[in-house]
Amino acid sequence: MTTTTTIEVRRLSPSASSIIIHGDITSGTEPALMDACAQASDDATRSIVLDFSDLAYLNSGGIGLLVTLLVRVQRQGQRLLAFGLSEHYRQIFELTRLDDAIGIHDSEAAALVAAGA
Amino acid sequence: MTTETGQPGGDPTEAIPTEASPAAPMPAAPAASNWAAPVSRLAVGVVPTDALNLNVAGRRLAGPVQGFGQLWQKTYRVRLTGADVTPAAVIRTWKEHFGDFWPKGNHFYGPLTSLQPGEVALLNLALPGKMTLSTGVLVIFADDESFAFMTPEGHQFASFITFSSYADDGVAVVQIQALLRASDPLYELSMPIVAQRTEDRFWNDTLWALAASFGAADVTVEMERVCVDHRRQWRYAGNIRQNAAIRTALYKLTHPRAWFHHSGDA
């Protein structure tokens, strides 16, 4: 079966970038997501905001991948935030307790305020 | 800037649709029922009288974010060469008979039918010295080609563990992938001495048993262990208060009748 996941990176402010996910997050998404993280990070980046507005599918491998991304972002001294999660995916973040470490917000603007960016 | 899955070495400015990695099979459509609903505290259903039911009821889930030790990604994989079976059939059988493939002396008290999202299973695990560790797991995710567990507070690992199967060159491949931290400093101390090897042997033996049940030939279990984060999360050192090994040992010391529950010799 064929699937397509497209990941964009956008600079939101001098200290924040967003990673926009179109499609699925599974363990197979790892190279693209880590590449996007590298693109989103420079010396001035303090926050990375995940945009899940166009997230189509998330499985348990994808949750593991987000943990790995979180570790990488924290190692770089950055914060990881997210917005655009549907109620279903918010519940998955709650179930897996990822929301303990990834700040979940209603909008990009709210995430940026929380990031202080 | 855009990047695509399956293009780790590709030009990140080009968006070229690609097929998903065979290690990450896609379902036909997302389904909400593949995931468990959020739970604040675990509840245990009816368990057999010979089971030691400790350290699960009332506990919260704890994943790698809430663990203490270094973060490890461990992968165990076996090819079912010569077995005429599809990945979906492998997962169906595994969900129905999960504990049957475990090494002798370890007990999985799950549902009588098949693992479903939201179900809690009680585990009685054999420890050295005929000791028992009573803990559990929650089935957080299940579909036709995979299922996943998350551990409760007190379990030796704060972890997600995914069991999956996919086809590779016409052969079903079975994979276990765990993302884990030792839950507390005591468990972390045991990692290089006992816990890593015990864990590796446990899942190696499980995959051997599963492969044998399908009549696979030339069974070889591949293992990979990657330290994803060398740092320890000292803010979670207090997890030791929930340590299920200590609590199980104390319980058995103060309840001699519990010595006759499963204790690694069944």
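B:E153 is buried, with a relative accessibility of 12% (buried means under 20% relative accessible area, exposed over 50% and partly exposed in between, using a 1.4 Å probe and protein chains only). This is a predicted model in which local features need pLDDT of at least 70 and side-chain atom pairs count only at pLDDT 80 or more, while totals for chains, interfaces and linings use all residues. Side-chain values use heavy atoms, without hydrogens and water, residues are numbered from 1 along each chain as its sequence is written, and chains are lettered from A in the order in which they are written.

B:E153 forms a salt bridge with B:R60, with the closest N and O atoms 3.1 Å apart; a salt bridge is a side-chain nitrogen of Lys or Arg within 4 Å of a carboxyl oxygen of Asp or Glu. B:E153 sits in the loop between β6 (146-150) and β7 (157-168) of chain B and B:R60 in the loop between β1 (2-4) and β2 (71-79), so the pair ties together parts 93 residues apart in sequence. Strands are DSSP runs of E with at least two residues, and helices are runs of H or I with at least four, numbered from the N terminus. B:R60 is partly exposed, at 33%.

A second pair in chain B is B:D229 and B:R181, whose closest N and O atoms are 3.0 Å apart. These residues lie in strands β9 (residues 221-229) and β8 (residues 171-182) respectively, 48 residues apart. B:D229 is buried at 3% relative accessibility, and B:R181 is buried at 2%. Salt bridges that share partners also join B:K74, B:D200 and B:R225 into one network.
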